[in-house]
Amino acid sequence: MCNHSSVIFILSFFLSSLVSAQEGTKATPLPGMRGTPSNLPDISVIGDITGKVTSDKNDLNRNKILVREIELALQGYIYPEMRADVFLAMHRHGDHFEPEICEAYASFLKIVGGLSLKVGKMHVDFGKINKVHQHERPYVDQPLVLTNFFGNHGLVGEGVSLGYLLPLPFFAQIDASAWRVASEQHHEEGVEEPEEFGLADEVYTTRLWTSFSLGETSELEIGASGASGKGSHYLEHQDEARVFGLDLTYKLWPSAYKRLAFQNEVLHLIRRTPVGELKRWGFYNYLGFQFNKYWDAGLRYDWSENAFPEKGKTNSFSGIITSHLTETTKIRLQYGYNFELNSHEAFLQLVFGIGPHSHPLQ
Amino acid sequence: MKNKLSLALMMGYLLPGLVLATDKLEVVTATSDLADFVKAVGGDKVKVVSLSNGSQDPHFIEPRPSMVMQVKKADVLVRIGMDLDLWVQSLIEASRNSKVMYGGPGYLDASRKIEKLEVPTGKIDASMGDIHLYGNPHYWLDPENAKPILGSIVKKLCEMLPSESEYFNKNYEEYLRILDSAIAKWEEEMKPYAGAKIVTYHNSWPYFTKRFRLEIIGCVEPKPGIPPTPSHIVSLVKKIKEEKVKVIIMEPYFNLKVTEKIAKDSGAKVVVLPPSVGGIQGANTYLHLFEYNIGKLAESLQD
């Protein structure tokens with residue numbers, strides 16, 4: 001009886017302290033400080049389920065609805081002006097899933113002056129879309145030029161990235177980074193995947209990113225990026241590669257929920273192999289319009305040469321319509337036409353989010 | 001003279017963290033309402049920039065790189081808090097400005113001294129719509145809440161520029177005096193409508209309705225942030241008729257078409273009220289905002 005009373009007393013005390021913690025006046029904890037109990041980080045799960053219909057009979061994902069990726073994010077502050085972001089993912093590879101540290105990095109938000117530092121594994125700041133997680137992009141697939149020059153998962157590396165906000169009257173940031181990128185990191189024994197090119201081994205990247213406000217309702221962002229490293233199959237091909245990129249994004253907000261976005265990236269690859277030098281180009285243009293709080297639509301045109309000695313090019317057109325249920329949950333329909341293969345494809349995608357999820361300014 | 005100028009420039013470059021006695025405090029706010037409060041207290045000793053304007057939904061502002069520069073040079077950042085302006089966070093983190101980072105001397109969460117309404121006590125998730133973990137964040141819509149907000153602002157400005165404390169406190173006292181008489185006038189104007197039942201589009205108005213003794217019997221959104229379904233519209237129309245609701249309040253940026261359809265089917269009237277300074281022409285200050293909203297609402301309830 002005595003024990004019961006003690007338990008009830010302790011429980012009442014605990015519950016009353018919880019209630020009192022919620023009432024009254026206090027400041028709002030930041031993202032990364034909002035878990036309960038209060039020392040938990042922000043925890044979220046993002047799921048990406050995509051169905052594909054295509055006229056290409058060689059496509060392994062043809063006429064299937066598949067879970068493409070499940071991402072678990074743990075985010076929080078680890079010290080004043082210092083935070084950690086961990087994104088663990090289960091990626092689909094053929095018929096099975098592979099666990100992967102998608103990103104895991106610590107950010108020193110300010111070192112000195114305009115300098116910041118990130119260290120760990122992350123999507124590299126190259127251009128506008130490489131650093132954006134798949135579920136955050138306004139389309140189901142990756143622009144062709146990124147796949148052709150950086151591989152199916154884009155350019156992801158482990159290393160250190162310094163960012164400097166230039167002391168100018170307008171926004172201008174320069175990033176300089178050194179990475180180690182695993183070669184053929186997604187190739188598994190017994191799993192058949194198409195040969196892909198990317199940068200690997202020691203990779204050095206830089207990016208200059210600037211932005212101008214064109215009045216209260218529009219903004220123009222311009223960026224230039226560079227990357228240098230070896231090819232992802234360098235042991236076999238003995239190749240070195242450099243990629244240069246330019247990006248231009250214009251955004252217009254005509255009213256509270258309406259938004260026009262016009263984004264363009266052009267990339268140039270120079271690949272040096274023992275048998276000679278390859279030079280390849282690729283670009284994409286994306287025009288998106290958000291009609292209201294819940295709906296947006298977009299068009300994307302892709303043109304890209306491949307990264308292989310036998311020169312080939314692909315161009316395609318995509319039309320996308322997205323219904324946003326919440327900030328992280330959306331349903332998307334995308335149609336694509338590949339001019340080279342004369343193939344049609346359609347995607348139906350559901351991206352869902354549970355829990356508080358955030359990304360840095362992109 | 002040239003040397004002195006160079007020295008001054010160098011000092012300004014080398015000691016950006018110090019606010020000199022002759023400098024103006026640079027203040028950046030998340031919303032136009034907070035900017036108006038800072039102007040009222042700070043007068044000509046502050047330079048204020050709001051990151052959003054009154055015609056935008058403060059839940060959904062897209063952070064822009066150019067905004068980083070406003071935050072970078074700020075001595076003080078004032079935000080709404082309570083998860084309404086989560087978008088401010090990425091700007092703070094990109095700014096490298098220690099002064100306005102959480103825990104920094106210039107960081108101010110204006111909700112700190114507010115008695116919050118609708119704080120969830122049990123588990124919450126997205127099945128309940130866009131529920132805010134720390135309570136309903138539209139607290140500035142009760143003019144009495146302007147007082148604790150102003151109190152927090154004056155305290156912060158005095159801390160950051162102590163040499164002007166007297167000036168800030170004088171402005172604060174003066175504004176409170178004007179606010180008190182304005183609140184008394186608005187309460188008098190709304191007195192005949194005490195207990196009137198209303199419908200709102202989004203759950204933005206509980207602080208306002210509590211102050212002016214109105215009763216919200218439903219929202220056009222079935223749950224916060226969730227668009228109305230046909231069945232919800234049918235039941236809401238029925239409820240409006242049963243409860244003899246005269247007015248549906250909506251913000252300028254919500255879907256007027258749906259609201260007008262509900263109004264037409266139920267016999268109620270749509271009243272578009274800006275929730276923030278600058279949300280409509282003529283509502284250029286916090287006092288004008290309430291002047292406009294009270295006048296418009298009283299007129300609609302009278303009909």
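A: Helices (H or I, at least four residues) and strands (E, at least two) are DSSP runs, numbered from the N terminus. Residues are numbered from 1 along each chain as its sequence is written, while chains are lettered from A and ligands numbered from 1 in the order in which they are written. This is a predicted model, where local features need pLDDT of at least 70, side-chain atom pairs count only at pLDDT 80 or more, and totals for chains, interfaces and linings use all residues.

Q: OK, what stands opposite Tyr79(A) in strand 3 of chain A?

A: That's Met82(A). Strand 2 (residues 64-79) and strand 3 (residues 82-93) of chain A pair in the antiparallel sense, with 10 bridges. They make a hairpin with two residues between them, and Glu81(A) in the turn has a positive phi of about 65°.

Q: And how many bridges pair strand 3 of chain A with strand 4 of chain A?

A: 12, again antiparallel, and strand 4 covers residues 96-108. His93(A) is opposite His96(A) there. These two strands also form a hairpin with two residues between them, where Gly94(A) in the turn has a positive phi of about 70°.

Q: How many helices and strands does chain A have?

A: Three helices and 16 strands.

Q: What's the mean pLDDT of chain A?

A: 88, and 88% of the residues of chain A reach 70 or more; pLDDT is the predictor's confidence in each residue, from 0 to 100. Over residues 1-24 of chain A, though, the pLDDT is below 50. Where pLDDT is low, the predicted coordinates should not be read in detail.

Q: Switching to chain B: in what order do the strands of its open sheet come?

A: The order is 2-1-3-4, and the four strands pair in parallel. Strand 2 (46-50) and strand 4 (107-109) of chain B are the edge strands, each pairing on one side only.

Q: What joins strand 3 of chain B to strand 4 of chain B?

A: Three bridges, with strand 3 spanning residues 76-79. Val78(B) has Leu108(B) in strand 4 as its bridge partner.

Q: Last topic: how many residues of chain B are in contact with chain A?

A: 39 residues of chain B, in contact with 31 of chain A; contact means that the C-beta atoms, placed from the backbone, lie within 7 Å. Helix 3 (65-72) and helix 4 (87-95) of chain B are the elements giving two or more residues to that side.

Methods. Two residues are in contact if their C-beta atoms, placed from the backbone, lie within 7 Å. Two strands pair if DSSP finds at least two bridges between them.
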